[in-house]
Amino acid sequence: QLQLVESGGGLVQPGGSLRLSCAAPGFTLDYYAIAWWRQAPGKGREGVSLISVSDGDIYYGDFVQGRFTISIDNAKNTVYLQMNSLKPEDTAVYYCAAGATTYRPGAYYWSPGAEYKYWGQGTQVTVSS
């Protein structure tokens with residue numbers, strides 16, 4: 001059973017940086033799309049970024065505007081989200097999710113209503129002075 005373990009959240013001042021990690025111990029991510037989603041209090045789920053390892057596709061939410069970078073370390077079975085120039089509106093719980101690309105392309109997992117089989121427990125990001 002694939003398990004996703006997030007880490008790296010915390011409290012940071014506006015303009016600061018954080019790097020989130022999504023680890024999949026013991027599993028290769030070659031045939032998965034891994035996405036970061038976030039949810040702020042009182043708001044719906046919002047797509048932050050996605051990387052589809054088999055397709056090579058990468059997506060970012062419009063609000064990212066070049067501030068975040070998603071990457072993967074295949075040797076460590078870990079996906080990272082480097083977040084720079086953080087704003088108070090980036091405050092949310094960040095979740096990573098995985099979907100198999102064996103039968104669905106990576107683009108499916110970035111579409112509205114996409115279903116993911118695997119989710120992490122979430123990590124809190126708070127941007128405040």
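Over the face of which residue does Arg104 lie, and at what distance from the ring centre?

Analyst: In this predicted model, Arg104 lies over the face of Tyr108, 4.1 Å from the ring centre. Tyr108 belongs to one aromatic cluster, formed with Trp37, Tyr59, Tyr95, Tyr109, Trp110, Tyr116 and Trp119.

Across the whole structure, a search finds eight aromatic pairs. One of them joins Trp37 and Trp110, with 6.0 Å from centre to centre and 45° between the planes, a tilted arrangement. Trp37 is located in strand 4 (residues 32-39), whereas Trp110 is in the loop between strand 9 (92-100) and strand 10 (118-119), so this pair ties together parts that are 73 residues apart in sequence. Trp37 is buried, its relative accessible area being 8%; Trp110, at 22% relative accessibility, counts as partly exposed.

Trp37 also pairs with Tyr116: the ring centres are 6.0 Å apart and the planes stand at 80°, so this pair is edge-to-face. The assignment follows because planes over 60 degrees apart count as edge-to-face. Since Trp37 lies in strand 4 and Tyr116 in the loop between strand 9 and strand 10, the contact ties together parts that are 79 residues apart in sequence. Trp37 and Tyr116 are both buried.

A further charge placed over a ring involves Arg19, whose charged end sits over the ring of Tyr80 at 4.1 Å from its centre.

How values were computed: Residues numbered from 1 in each chain as written. Predicted model: local features only at pLDDT ≥ 70, side-chain atom pairs only at ≥ 80, totals over all residues. Heavy atoms only, no water. Phe/Tyr/Trp six-rings, centres within 6.5 Å; stacked < 30°, edge-to-face > 60°. Helix = DSSP H or I, 4+ residues; strand = E, 2+ residues; numbered from the N terminus. Buried < 20%, exposed > 50% of the residue type's maximum accessible area, 1.4 Å probe, protein only. Lys NZ or Arg CZ within 6 Å of the ring centre and 35° of its normal.
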